Amino acid sequence: MDLSELERDNTGRCRLSSPVPAVCHKEPCALGVDEAGRGPVLGPMVYAICYCPVSRLDALKALKVADSKTLSESERDRLFAKMEEDRDFVGWALDVLSPNLISTSMLGRVKYNLNSLSHDTAAGLVQHAMDQGVNVTQVFVDTVGMPEKYQERLQQRFPGIEVTVKAKADALYPVVSAASICAKVARDKAVKNWQFVETLQDLDTDYGSGYPNDPKTKAWLRKHVEPVFGFPQFVRFSWRTAQSILEKEAEGVTWEDSSIEDQEGPGRITSYFFSEAPRPRPPHRYFLERGLEPATIL
């Protein structure tokens, strides 16, 4: 798996895909969707699809693919290499979403929560396969949120395809297990070879698991927080764990568009995104300068 494109620019999103097997243009295909790295405070989230002809699902199952969480790193690498050897009937594609993209989406003025980002990324990968000429007739998805609503949303997007969304789909359907392996192999490689755009003193790559409750991950975050500029882009600064460390370690900030009476000394850096004051905040200067007011009647 060549992640050189991601290593050149890991600030946004990166899509990679295998060649489409000729048989997948002709025969009806099943496609599985899964992700890796949804919960960690460090590193990217990776969404992946894997597809093959319905007539070859038993051959995919014979590879003994399984939920990536139940496999060791070496087992995942071995199975992915086996799928690469079977390119005559197996194809894959993935989207790598950077920590920076995830955080700026979640904390933008127009909020784009993680579930919506996940749903749209999954649908985008299904559409990508169809645009590449894959004859997709069945889609199996490991759920994010309520499976019934997610399935209804995908079924409306792809009315000519049989869609199944279930919890633990990565353990139930081999084509989802294969997607799970692709996603996890890509994320592990991306984290291991992460190219920091910042110059960090005494950088160590002993992150721990990257999950918020891991003491080693928390220690790494405390070590690499910068009092003015915050965290390197490897960190999802929208996660509560990162915010808590910022509130304790970062310098106070006075925002230039805050009124004097509204600002009692420097505030916390996270106050730019989250207002905890009980009274409404004054309008941002963008609205004041343009004479814009909230609409009360449509």
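The protein contains twelve helices and six strands; helices (H or I, at least four residues) and strands (E, at least two) are DSSP runs, numbered from the N terminus. This is a predicted model, in which local features need pLDDT of at least 70, side-chain atom pairs count only at pLDDT 80 or more, and totals for chains, interfaces and linings use all residues. Residues are numbered from 1 along each chain as its sequence is written, and side-chain values use heavy atoms, with hydrogens and water left out.

**Overall build**
- Of the 298 residues in the protein, 46% are buried, where buried means under 20% relative accessible area, exposed over 50%, and partly exposed in between (1.4 Å probe, protein chains only).
- Among contacts (heavy atoms within 4.5 Å) between residues at least 6 apart in sequence, 70% join residues at least 24 apart.

**The cavity**
- The structure holds one cavity of 30 Å³ or more; a cavity is a set of points on a 1 Å grid over the protein atoms alone where a 1.4 Å probe fits but cannot get out, and lining residues have an atom within 4 Å of a point.
- The lining of the largest cavity includes S17, Y51, W92, A93, H128 and A129.
- The elements giving two or more residues to this lining are β4 (91-97) and α6 (114-131).

**Residue E249**
- E249 lies in helix α11 (residues 240-249) and is partly exposed, with a relative accessible area of 40%.
- Not counting residues up to four places away in sequence, E249 touches V225 and P227.
- E249 and P227 are 22 residues apart in sequence and 6.1 Å apart in space, C-alpha to C-alpha.

Note on methods
1 Å grid on protein atoms, 1.4 Å probe; cavity = no way out; pocket = protein on both sides within 12 Å on 5 of 7 lines; lining within 4 Å. Points joined across faces, edges and corners; volume = space filled by probe spheres on them.
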